[in-house]
Amino acid sequence: MSPQPRKTVAWIGMLLAALVPAACAQIPQLDDTVPGHLEQAGYPALAPIETLLVPQPDPQERHQDVQQDLQGRVANLQDRARRLNNAPVVDRETQTRMRAGVQQ
């Protein structure tokens, strides 16, 4: 047998190995999930698009709100960074134990 038919047989074998388990899968019946009173229900009434659209705020007003929000977040992050930079990484008690351990 030449290499080409062996490759083909190998591909067919891999394809069957992948598809056979899928063919045995239990697929739930979707009809069983619809309640009885909805099976014969009509379509809902369509609403005009104008009533569904929500008016958007003026971009200039939104810009000011976003800018104020971002400035507040920047201030909070800068304050947090300042606190972290000033805080000791290792507390004094742990530093004392570490020094004692190194001196031994």
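In this predicted model, the protein carries 10 positive and 11 negative side chains. The centres of these two sets of charges are separated by 23 Å. Side chains of opposite charge can pair when their charged atoms come close. In the protein, two salt bridges were counted.

Both pairings involve Asp79. In one of them, Asp79 is joined to Arg82, with 3.4 Å between the closest N and O atoms. The other links Asp79 to Arg83, where the corresponding distance is 2.7 Å. Asp79 and Arg82 lie three residues apart in helix α4, which spans residues 59-86, and are therefore separated by about one helical turn. Asp79 and Arg83 are four residues apart in helix α4, again a separation of about one helical turn.

The secondary structure of the protein consists of five helices and zero strands, so that the order of elements from the N terminus reads α-α-α-α-α. The radius of gyration is 34 Å, whereas a compact globule of 104 residues would have a value near 13 Å. Along the principal axes, the C-alpha atoms occupy a box of roughly 75 × 65 × 35 Å. Of the 104 residues in the protein, 1% are buried.

Definitions and conventions
Residues numbered from 1 in each chain as written. Predicted model: local features only at pLDDT ≥ 70, side-chain atom pairs only at ≥ 80, totals over all residues. Heavy atoms only, no water. Helix = DSSP H or I, 4+ residues; strand = E, 2+ residues; numbered from the N terminus. Rg over C-alpha atoms; globule rule 2.2 N^0.38 Å. Buried < 20%, exposed > 50% of the residue type's maximum accessible area, 1.4 Å probe, protein only. Lys, Arg positive; Asp, Glu negative; His and termini not counted. Charge placed at Lys NZ, Arg CZ, Asp CG, Glu CD. Salt bridge = Lys/Arg side-chain N within 4 Å of Asp/Glu carboxyl O.
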